[in-house]
Amino acid sequence: MTETVEERVARVAYNADGLVAAIVQQWDTLEVLMLGWMDAEALRRTLTSGRVTFWSRSRQEYWRKGDTSGNIQLVRGARLDCDGDAILLQVDQVGPACHTGTRTCFDADDLEPVRGPEL
């Protein structure tokens with residue numbers, strides 16, 4: 001028997017603010033594009049519409065990626081991590097993922113860690 005959307009949304013372990021981190025990944029290259037936040041309604045919209053919707057913590061409103069920029073995210077997959085407190089969204093990204101205009105939100109600031117030993 002297949003779970004309903006409501007049952008899938010209810011399995012998420014939301015934080016104290018009712019949000020869950022959503023990591024967005026390009027479905028075919030596995031490139032990590034960005035991180036956004038979702039509440040139950042944003043997840044519900046994402047699972048049922050084929051487009052990614054986030055909850056904006058700063059504006060306190062829903063935003064569907066690409067509605068103003070044209071840089072849309074088409075859902076190709078959605079997975080819950082083993083603890084239920086993070087979501088991995090696999091998408092087909094159209095245009096840049098970052099609001100700065102770069103392909104990913106992780107292009108700009110290298111923290112230059114010490115690399116572990118080669119195995």
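Which residue takes a positive phi in the hairpin of E5 and E6? The close-up views below lead to the answer, in a predicted model where local features need pLDDT of at least 70, side-chain atom pairs count only at pLDDT 80 or more, and totals for chains, interfaces and linings use all residues. Residues are numbered from 1 along each chain as its sequence is written, and side-chain values use heavy atoms, with hydrogens and water left out.

**View 1. The hairpin of E5 and E6.** Glycine 84 is the residue with the positive phi, near 80 degrees, in a hairpin that has five residues between its strands. Helices (H or I, at least four residues) and strands (E, at least two) are DSSP runs, numbered from the N terminus. E5 and E6 pair in the antiparallel sense over seven bridges; two strands pair if DSSP finds at least two bridges between them. Here you can find alanine 78 opposite leucine 89 in E6.

**View 2. The open sheet.** Four strands line up in the order E2-E1-E6-E5, with mixed pairing. E2 and E5 each have a single partner strand, so one side of each is left without a neighbour in the sheet. From one strand to the next, the twist averages 30 degrees. E1 and E2 pair in the antiparallel sense over six bridges, and alanine 22 stands opposite glycine 36 in E2.

**View 3. Helix H2 on the strands.** H2 lies across E2, E5 and E6, and runs at about 130 degrees to E2. Axes are lines fitted to C-alpha atoms, for helices over the stretch in contact, and angles run from 0 to 180 degrees between N-to-C directions.

**View 4. The largest nonpolar core.** This core has 16 residues, and Val24, Met38, Phe54, Ile87 and Leu89 have the most contacts inside it. Strand E1 (20-26), strand E2 (32-38), helix H2 (40-49) and strand E6 (86-93) each give two or more residues to this core. A nonpolar core is a set of buried Ala, Val, Leu, Ile, Met, Phe, Trp, Tyr and Cys residues joined through side-chain atoms within 4.5 Å. Not counting residues up to four places away in sequence, the residues that valine 24 touches include Phe54, Gln73 and Leu89 (contact means heavy atoms within 4.5 Å).

**View 5. Asparagine 71 in its loop.** Asparagine 71 is found between strand E4 (61-64) and strand E5 (73-80). Asparagine 71 is buried, with a relative accessible area of 17%; buried means under 20% relative accessible area, exposed over 50%, partly exposed in between (1.4 Å probe, protein chains only).
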